[in-house]
Amino acid sequence: DKLAKMNDVDIKMVMSMQGMNIEIINKQKAPNKLCVETRMGGNVMSTQLCNGVKAMIKSKMGNKELVGAELEEMLTHSTLNMELYLDQMGITPELKGAEDVDGQPAWKVQMTLPAGINTVDFYDQKSGLKVKSVAQQGQMSLTTLYSDYRDADGILFPFKMKQSTGPQSFDIVVSSVEVNKGIDDSVFEL
């Protein structure tokens with residue numbers, strides 16, 4: 001019920017990479033608007049934008065409007081609380097059994113997106129919280145571990161994430177989560 005009443009969320013995170021702190025500001029607004037700013041030393045390095053119809057990645061190297069499968073994937077990931085709308089989005093969940101994640105039993109659920117992209121999510125059997133996600137990105141897979149869930153406006157959010165792709169891994173720490181603060185549509189303009 002709380003998730004269905006969520007209109008927007010603003011999450012601020014810090015990722016440490018090779019001794020440098022990278023700040024990530026993730027803003028989402030229902031139904032499928034997204035703005036992810038990546039900053040280093042106070043400067044914006046890149047911005048991912050989705051206004052619900054079009055999507056673009058802006059960086060110092062230039063701007064790239066997303067089309068085809070990339071646009072479809074961005075629209076899917078831009079959907080606020082997409083787990084509530086799997087049927088409408090054409091996402092097929094399939095229980096693939098159980099597997100331990102950090103020594104705890106978790107349900108393994110494969111999500112097949114309309115573009116044929118598969119992700120596998122793991123949900124703790126006791127709490128029901130997502131504890132791991134594995135997504136294919138081209139030839140590489142991106143694994144994310146979620147932990148340190150905390151309450152923000154009655155909704156639990158992971159405040160620690162560990163992402164790994166190939167030999168690289170990154171620790172991400174959430175510094176703040178703000179729910180339903182009324183993010184203006186102008187934030188998502190391409």
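The model you have open is predicted.

Draw the distance between the two sulfurs. The closest cysteine sulfur to that of Cys35 is in Cys50, 11 Å away, which is too far for a bond. Seen from Cys50, the closest cysteine sulfur is the one in Cys35, again at 11 Å. A disulfide needs the sulfurs within 2.5 Å. The disulfide count is zero.

Next, select residues 140-152 and 155-165. These are strand 11 and strand 12; they run antiparallel and are joined by ten bridges. Go to the turn. Two residues lie between the strands of this hairpin, and Asp153 has a positive phi near 55 degrees. Which residue of strand 12 stands opposite Leu145? Lys162 does.

Keep Leu145 selected and show the second largest pocket. Its volume is about 220 Å³. The lining has 20 residues, and Leu145 is among the closest to the centre, along with Asp102, Tyr146, Ser147 and Asp148. Colour the lining by element. Strand 8 (104-112), strand 11, strand 12 and strand 13 (168-179) each give two or more residues. Which strand gives the most? Strand 11, with five residues.

Eleven residues are nonpolar, six are charged and three are polar.

Methods. Residues numbered from 1 in each chain as written. Predicted model: local features only at pLDDT ≥ 70, side-chain atom pairs only at ≥ 80, totals over all residues. Heavy atoms only, no water. Pairing = 2+ DSSP bridges. Helix = DSSP H or I, 4+ residues; strand = E, 2+ residues; numbered from the N terminus. 1 Å grid on protein atoms, 1.4 Å probe; cavity = no way out; pocket = protein on both sides within 12 Å on 5 of 7 lines; lining within 4 Å. Points joined across faces, edges and corners; volume = space filled by probe spheres on them. Nonpolar A, V, L, I, M, F, W, Y, C, P; charged D, E, K, R; others polar.
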